[in-house]
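Dear colleague,

Please find below the structure that I am handing over to you.

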Amino acid sequence: MPPSLETPRAWQRMLSGRRLDLLDPSPFDIEIEDIAHGLARVARWNGQTSGDHSFSVAQHSLIVEFALRHKIPQLSPASALVALLHDAPEYVIGDMISPFKTAIGSGYKSIEEGLEAAIHLRFGLPAHPSAELKRRIKTADRISAYFEAVHLAGFEPAEAAQLFGRPNGLTVEQLPITPWNTQQAQDAFLERFHTLHDQLHKSD
């Protein structure tokens, strides 16, 4: 077949041996070890942060889940797990900064949503969270972004507050904001995942 007629490859092979199709992802091709490995190696802010290590999406995800629990002390294990996995698709598509996502448009969003649904189904969660839960996770996400911006990415507090809002009720001392190495981030993400996953299924 001439090269021009070949179908472009849309799958990625994972270290687990799984082959994940980005355009038609199956829950059966998703493993939490692959997610943790990938997110621990994806840098927030395109790597433009201070410290000896990049600030990983895995570490960010832990902060977002913590921030949500801080705001909602009676948060269910299922909702906490959705928060922990809110950026999980980035283990295969990377962390694009918001201005670039806006420039790309709906194509990126549809792939991200398909991956999110497959990930949720893989771990016993609804394919699509409620609008209210997504709103609350977004608020927690912006709290993390504020602290990351000010303490790691060189933003002035006023500028970060204008972009992300102020993190009312949380202080930087409560958060693991100093960037971890990849193994620390991977291990901490996996440990938290297994804790929440076990709680979720004990409550079934």
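Predicted model: local features only at pLDDT ≥ 70, side-chain atom pairs only at ≥ 80, totals over all residues.

Residues are numbered from 1 along each chain as its sequence is written, and side-chain values use heavy atoms, with hydrogens and water left out.

Overall fold

The protein contains nine helices and two strands; helices (H or I, at least four residues) and strands (E, at least two) are DSSP runs, numbered from the N terminus. In sequence order the pattern reads β-β-α-α-α-α-α-α-α-α-α. The radius of gyration is 17 Å, close to the 17 Å that the globule rule gives for 204 residues, so the protein is as compact as a globular protein of that length. That radius is taken over C-alpha atoms, and the globule rule is 2.2 Å times the number of residues to the power 0.38. The C-alpha trace spans about 60 × 40 × 35 Å along its principal axes.

Of the 204 residues, 43% are buried. Here, buried means under 20% relative accessible area, exposed over 50%, and partly exposed in between (1.4 Å probe, protein chains only). The accessible surface comes to about 10,800 Å², and carbon and sulfur atoms hold 53% of it; these areas come from the Shrake-Rupley method with a 1.4 Å probe, and for residues only the protein chains shown count as cover. Among contacts (heavy atoms within 4.5 Å) with a separation of 6 or more, 65% are between residues 24 or more positions apart.

Nonpolar core

The largest nonpolar core has 59 residues, and those with the most contacts inside it are Ile35, Leu85, Tyr91 and Phe189. Such a core is a set of buried Ala, Val, Leu, Ile, Met, Phe, Trp, Tyr and Cys residues joined through side-chain atoms within 4.5 Å. The elements that give two or more residues to this core include H1, H2, helix H3 (77-84) and helix H9 (182-202). Its largest share, eight residues, comes from H7. Leaving aside residues up to four places away in sequence, tyrosine 91 touches Met14, Leu20, Ile30, Asp34, Ile35, Gly38, Leu39 and Ile119.

Salt bridges

Side chains of opposite charge can pair when their charged atoms come close. The whole structure holds nine salt bridges, each defined as a side-chain nitrogen of Lys or Arg within 4 Å of a carboxyl oxygen of Asp or Glu. Three of them are described here.

- Glutamate 31 pairs with arginine 18, with 2.9 Å between the closest N and O atoms. This pair links distant parts of the chain: glutamate 31 is in the loop between strand E2 (19-21) and helix H1 (32-39), and arginine 18 is in the loop between strand E1 (11-13) and E2, 13 residues apart. Glutamate 31 is buried at 15% relative accessible area, whereas arginine 18 is partly exposed at 33%. Arg18, Glu31 and Arg122 are linked in a network of salt bridges.
- Lysine 109 pairs with glutamate 112, with 3.4 Å between the closest N and O atoms. Both residues lie in helix H6 (residues 106-122), three residues apart, about one turn of the helix. Lysine 109 is partly exposed at 41%, and glutamate 112 is buried at 12%.
- Arginine 69 pairs with glutamate 65, with 2.6 Å between the closest N and O atoms. Because they are four residues apart in helix H2 (residues 57-71), about one helical turn separates them. Arginine 69 is partly exposed at 31%.

Glutamate 65, in helix H2, is buried at 1% relative accessibility. Not counting residues up to four places away in sequence, glutamate 65 touches Ala80, Ala83, Leu84, Arg192 and Leu196.

Aspartate 34 lies in helix H1 and is buried at 8% relative accessibility. With residues up to four places away in sequence left out, aspartate 34 touches Met14, Leu15, Ser16, Arg18 and Tyr91. The side chains of aspartate 34 and serine 16 are joined by a polar contact of 2.5 Å. A polar contact is a pair of N or O atoms within 3.5 Å; within protein, one must be able to donate a hydrogen and the other to accept it, and residues adjacent in sequence count only if both atoms are side-chain atoms. Aspartate 34 and glutamine 186 are 152 residues apart in sequence, with 9.9 Å between their C-alpha atoms.

With kind regards
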